[in-house]
Amino acid sequence: GRDWSHTGITSLFRNIKDNGYEFIFLTSRALAQAQITRSYLTNLCQDGDVLPDGPLIMSPDGIGTSFYREVIRKTPHEFKIACLSTIRDLFPEFWSPYYAGFGNRETDERSYRAVGVPEGKIFTINPASEVVCGCNKMSKVYTLSGINAIHDQMFPSLAKGHDLLAQEGFNSWNFWKTNLPEVDDEDL
């Protein structure tokens with residue numbers, strides 16, 4: 001089959017993992033596809049880098065139901081939102097276990113927004129390996145190598161002694177990033 005990987009993804013994810021973040025791999029594929037999906041994730045190797053370890057969460061539905069939901073109805077986010085919400089509910093109300101989300105479809109963005117992932121931490125990788133950050137008309141487009149070059153700013157180290165909450169408001173990524181004002185077409 002086709003290679004769906006994006007050059008540089010293993011290096012970026014490894015660097016994020018090295019900064020102390022954990023990964024969850026979530027797919028709406030049926031559990032019957034677990035072996036091939038797990039094999040793909042564990043065997044993806046680029047320039048000696050492999051994807052970081054993390055649980056693989058899949059739909060418990062059968063292949064037919066999962067296929068119908070994802071391909072026919074185009075609503076894989078229904079399963080993903082339910083799954084991510086269940087995980088989030090294991091934590092105190094004021095705490096989110098999700099810092100960022102990577103996906104390849106608009107439905108992934110919708111899933112991450114629904115569970116409170118900040119818009120500036122939602123990354124969609126398109127077929128051209130461009131990474132779109134944000135979910136609106138003012139979204140920023142990066143390359144994987146571009147994000148990797150600034151991964152320490154986007155994903156500050158969680159090493160002992162670092163206060164992520166304090167860093168988040170004042171790191172160079174968030175400090176210099178300004179929100180553009182809303183403009184109506186009538187004002188133009």
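**Entry 1: salt bridges**

I count a salt bridge when a side-chain nitrogen of Lys or Arg is within 4 Å of a carboxyl oxygen of Asp or Glu. By that rule I find seven salt bridges in the structure. This is a predicted model, where local features need pLDDT of at least 70 and side-chain atom pairs count only at pLDDT 80 or more, while totals for chains, interfaces and linings use all residues. Residues are numbered from 1 along each chain as its sequence is written, and side-chain values use heavy atoms, with hydrogens and water left out.

I looked up Lys-80 and Asp-108, whose side chains meet in a salt bridge at 2.6 Å, N to O. Lys-80 sits in helix α4 and Asp-108 in helix α5 (residues 106-114), so this pair ties together parts that are 28 residues apart in sequence. Helices here are DSSP runs of H or I with at least four residues, strands are runs of E with at least two, and both are numbered from the N terminus.

Are Lys-80 and Asp-108 buried or exposed? Both are buried. For my notes, buried means under 20% relative accessible area, exposed over 50%, and partly exposed in between, with a 1.4 Å probe and protein chains only.

Next I checked Arg-110, which forms a salt bridge with Glu-106, their closest N and O atoms being 3.1 Å apart. The two are four residues apart in helix α5, so about one helical turn separates them. Arg-110 is partly exposed at 34%, and Glu-106 is partly exposed at 39%.

**Entry 2: the loop between α3 and α4**

I then turned to Thr-75, in the loop between α3 (63-72) and α4 (76-88). Thr-75 counts as buried because its relative accessibility is 12%. Its side chain joins that of Arg-73 in a polar contact of 3.3 Å. I take a polar contact as a pair of N or O atoms within 3.5 Å; within protein, one must be able to donate a hydrogen and the other to accept it, and residues adjacent in sequence count only if both atoms are side-chain atoms.

Arg-73 also forms a salt bridge with Glu-78, with 2.6 Å between the closest N and O atoms. Arg-73 is partly exposed at 37%, and Glu-78 is partly exposed at 40%.

Leaving aside neighbours within four places in sequence, I see Thr-75 in contact (heavy atoms within 4.5 Å) with Arg-69 and Glu-70.

Lys-74 lies in this loop between α3 and α4. Its phi is near 55°, a positive value in a residue other than glycine. Lys-74 counts as exposed because its relative accessibility is 56%.

**Entry 3: nonpolar cores**

I define a nonpolar core as a set of buried Ala, Val, Leu, Ile, Met, Phe, Trp, Tyr and Cys residues joined through side-chain atoms within 4.5 Å. Which members of the largest one touch the most others? Of its 21 residues, they are Phe-13, Ile-16, Phe-102, Phe-123 and Phe-155. Two or more residues come from each of α1 (9-18), β6 (122-125), β7 (130-133) and α6 (144-149). The most come from α1, with four.

Not counting residues up to four places away in sequence, Phe-155 touches Ile-16, Asn-19, Tyr-21, Tyr-99, Ala-100, Phe-102 and Phe-123. Apart from this core lies another, of nine residues, including Phe-79, Cys-83, Ile-87 and Tyr-112.
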